[in-house]
Amino acid sequence: MNPALLDDFSLEMTGKDVPRLEEARDGIPPGTRINITFLAGEDTTTRLTAARAVKRLGFVPVPHISARRLPSRPALEEFLSGLAADGAAENVFVVGGDPARPEGPYEDALAVLRTGLLRHHGVRHVGIAGYPEGHPGITDRALWTALTDKAAALDADRFDGDVITQFGFDADPVLAWLEDLRARGVRLPVRVGVPGPAGVRRLLGYATRFGVGTSASVARKYGFSLTNLMGTTGPDRFLHALAERYDPGRHGVVKVHFYTFGGLRATAEWIDGFRRQQAPAPASSESVKFRAGAG
């Protein structure tokens with residue numbers, strides 16, 4: 001496997017995961033991008049405190065902005081002003097969000113992008129969402145329209161950006177989606193969503209919630225058994241399959257984004273172990289001599 005696929009990986013945490021991040025900090029490379037979710041039940045103070053902690057610990061905070069969870073334009077301004085005051089506003093991830101009906105004036109992520117408030121508060125890099133296996137509540141046509149419109153908006157406003165995908169268990173639809181994305185003219189780097197190591201039951205719960213395919217054949221391909229829900233698994237097979245078929249010419253710039261499900265330390269340790277396994281074995285002194293022309 002090409003270890004470069006894991007260069008500059010990113011992680012995801014919630015606003016309440018600061019103690020877990022502090023516990024895991026020594027195993028995470030300095031400067032790693034860490035996304036901070038925008039969940040129901042968490043207030044602005046919790047989100048800002050988390051972004052501040054990510055920066056304090058030597059990482060790059062990427063706060064989420066959930067368009068449909070914003071109750072008003074002043075609420076968006078308050079959040080962005082708070083980030084700017086802490087020097088944590090340069091990178092954000094803007095997503096439509098889960099509510100069936102918007103809680104305020106913003107129907108989707110594009111509506112937030114069009115406010116002009118991001119640039120005004122110092123945002124320079126914007127992440128947007130991608131769904132290689134679709135979304136249970138949105139048609140594929142609508143998803144593609146939304147993605148291409150957002151990419152065009154980032155380009156028009158001269159934002160740097162990337163696409164972060166929902167996690168999946170099968171590399172095949174991810175690779176096909178990447179080709180389709182490039183065929184539609186979207187050249188943004190893509191961070192492929194990958195589940196960090198977790199219990200099978202928990203992974204399946206998240207997969208069901210987000211409409212990710214979990215048939216028996218996909219489960220076997222990924223490396224867990226639907227008959228043994230008490231076990232745990234990591235994304236070893238998925239990453240191997242992705243790396244083996246990844247072609248920069250067809251798929252563009254691709255990196256990896258880990259959904260940690262609260263397990264920041266476990267994910268960091270898993271990544272370190274996986275990278276060590278993939279590293280080429282050091283050459284012996286005899287082979288070095290031979291390649292150098294000795295003998």
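**Aromatic contacts**

Begin by selecting Phe9, Phe258, Trp270 and Phe274, which together form one aromatic cluster. The model is a predicted one, and 8 aromatic pairs are found in it.

Turn next to phenylalanine 38 and phenylalanine 79. Their ring centres are 5.6 Å apart and their planes stand at 80°, so the pair is edge-to-face. Phenylalanine 38 belongs to the loop between strand 2 (33–36) and helix 2 (44–56), while phenylalanine 79 belongs to helix 3 (residues 73–85), so the pair ties together parts that are 41 residues apart in sequence. Is phenylalanine 38 buried or exposed? Its relative accessibility is 9%, so phenylalanine 38 counts as buried. Phenylalanine 79 likewise counts as buried, because its relative accessibility is 2%.

Tryptophan 270 and phenylalanine 274 are both buried.

**Arginines over rings**

Arginine 47 lies over the face of phenylalanine 38, at 3.6 Å from the ring centre. For a further case, select arginine 119 and phenylalanine 159: the charged end of arginine 119 sits over the ring of phenylalanine 159, 4.3 Å from the ring centre.

**Arginine 191**

Move to strand 7 (residues 190–195) and select arginine 191 within it. To view the surroundings, leave aside neighbours within four places in sequence; arginine 191 is then in contact with Asp8, Phe9, Ser10, Arg33, Asp162, Val163, Ile164, Thr165, Lys255, Val256 and His257. Phe9, one of these contacts, is also one of the residues of the aromatic cluster.

**Leucine 242**

Select helix 10 (residues 236–245) and pick out leucine 242. Leucine 242 has a relative accessibility of 1% and therefore counts as buried. Not counting residues up to four places away in sequence, leucine 242 touches Leu5, Ala171, Val174, Leu175 and Val192.

**The chain as a whole**

Finally, display the entire protein chain and colour it by secondary structure: 13 helices and 10 strands are present. Of its 295 residues, 48% count as buried. Among contacts between residues at least 6 apart in sequence, 80% join residues at least 24 apart. The accessible surface comes to about 14,000 Å², and 51% of this belongs to carbon and sulfur atoms.

The average is 87, and 81% of the residues score at least 70. Where does pLDDT stay under 50? Select residues 287–295, over which pLDDT stays under 50 and for which the model has 3 contacts beyond four places in sequence.

How values were computed: Residues numbered from 1 in each chain as written. Predicted model: local features only at pLDDT ≥ 70, side-chain atom pairs only at ≥ 80, totals over all residues. Heavy atoms only, no water. Helix = DSSP H or I, 4+ residues; strand = E, 2+ residues; numbered from the N terminus. Buried < 20%, exposed > 50% of the residue type's maximum accessible area, 1.4 Å probe, protein only. Contact = heavy atoms within 4.5 Å. Phe/Tyr/Trp six-rings, centres within 6.5 Å; stacked < 30°, edge-to-face > 60°. Lys NZ or Arg CZ within 6 Å of the ring centre and 35° of its normal. pLDDT = per-residue confidence, 0-100. Areas by Shrake-Rupley, 256 points an atom, 1.4 Å probe, with all protein chains shown as cover.
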